[in-house]
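Good morning, and thank you for coming. Please look at the structure on the screen while I describe the surroundings of its ligand.

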Amino acid sequence: MSIAADVTRNPFTQIESPAVGVTVEHLSKSFGTFEVLKDVSFAVKPGEIFVLMGPSGSGKSVLLKHIVGLELPTSGKVTVDRRDATEETTREHVRMALVFQAGALFNSMTVYDNLALYPREHRIGTEAEIKEKVMHALQILSLENASQKFPSDLSGGMKKRVAIARALVMEPQLMLYDEPTSELDPVMGATISEIIATLKDEYHVTSIVVSHDRDLALAIADRVGILMGGKLVFLGTPAELQAPKDPRIADFLNPKIDLKKPRFKRLET
Ligand SMILES: Nc1ncnc2c1ncn2[C@@H]1O[C@H](COP(=O)(O)OP(=O)(O)O)[C@@H](O)[C@H]1O
Ligand SMILES: [Mg+2]
């Protein structure tokens with residue numbers, strides 16, 4: 001069955017609902033006198049994979065937190081499905097899931113219970129129905145054998161996959177990932193990229209992926225944004241990224257290694 005790109009399909013029930021878009025409009029954010037985001041504007045279309053890149057400390061995680069309403073803009077506005085992201089009702093209207101950088105799993109619970117937590121708390125279905133969803137999500141992420149393990153028993157790559165599986169159980173229309181492939185070996189990184197692409201192709205989930213990973217961006221992004229020093233310095237397609245005109249972007253994507261550069265001052269004795 002093929003469906004139009006403007007609806008998302010629930011991976012568990014196959015129920016279709018509208019795909020959601022995100023807009024970031026003249027967003028600025030300061031912590032005290034430190035301005036982290038400076039007049040950032042872009043729009044993510046329904047069903048699109050948008051990859052947000054940029055050096056460490058450029059404001060990528062802070063930007064994601066505005067989309068899920070965990071941070072409030074100093075000025076400007078963020079909307080999800082045309083609703084203000086700061087409103088509690090937006091999160092009731094749109095199912096969105098943020099996969100945190102560190103996974104943020106509950107260490108005292110098994111993998112199964114970590115995944116079942118959200119549907120249990122929100123009383124979504126009977127225990128048998130929850131089990132079906134949890135096991136299906138684990139299967140999608142090739143984690144069937146890990147359901148009774150604790151997070152401390154898992155490798156970094158497995159924890160990331162569990163975090164994605166847990167987000168999937170929330171049946172998201174919008175998935176946000178914070179550095180999903182960092183700390184993973186290249187093969188596992190590629191697997192995560194494939195999962196993100198599958199969620200788009202099969203279920204039309206809108207995805208915003210924060211990553212340093214240039215290969216991931218080129219492989220799965222519909223469009224890419226680059227933040228530097230809190231400003232959006234690039235917005236375009238992966239193809240446009242292959243020959244960037246801005247030297248700052250070229251240096252960021254293809255850093256030159258200069259072994260001759262003096263790094264340590266000789267100590268005067
Ligand atoms: N709650 C906060 N209070 C003060 N400064 C913060 C806070 N959150 C982030 N910052 C600062 O904002 C900048 C951008 O952070 P972040 O968005 O985490 O960067 P990254 O692009 O690496 O994800 C950093 O200098 C960080 O120290
Ligand atoms: Mg970050």
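Which residues surround ligand 1? They are Phe31, Phe34, Val36, Pro55, Ser56, Gly57, Ser58, Gly59, Lys60, Ser61 and Val62, where near means that a heavy atom of the residue lies within 4 Å. The model is predicted: local features need pLDDT of at least 70, side-chain atom pairs need pLDDT 80 or more, and totals for chains, interfaces and linings use all residues. Residues are numbered from 1 along each chain as its sequence is written, chains are lettered from A and ligands numbered from 1 in the order in which they are written, and side-chain values use heavy atoms, without hydrogens and water.

Let us turn to the polar contacts, here pairs of N or O atoms within 3.5 Å. A polar side-chain atom of Ser61 lies 2.9 Å from an oxygen atom of ligand 1. For Val62, a polar backbone atom is 2.9 Å from a ligand oxygen, and for Ser58 a backbone N or O atom lies 3.2 Å from one.

Which elements give two or more residues to this shell? They are β4 (34-44) and α1 (60-67), as DSSP runs (helices, H or I, of at least four residues; strands, E, of at least two) numbered from the N terminus. With three residues, α1 gives the most.

By class, the shell has five nonpolar, five polar and one charged residues. Here Ala, Val, Leu, Ile, Met, Phe, Trp, Tyr, Cys and Pro count as nonpolar, Asp, Glu, Lys and Arg as charged, and the others, Gly among them, as polar.

Definitions and conventions: A polar contact is a pair of N or O atoms within 3.5 Å; within protein, one must be able to donate a hydrogen and the other to accept it, and residues adjacent in sequence count only if both atoms are side-chain atoms.
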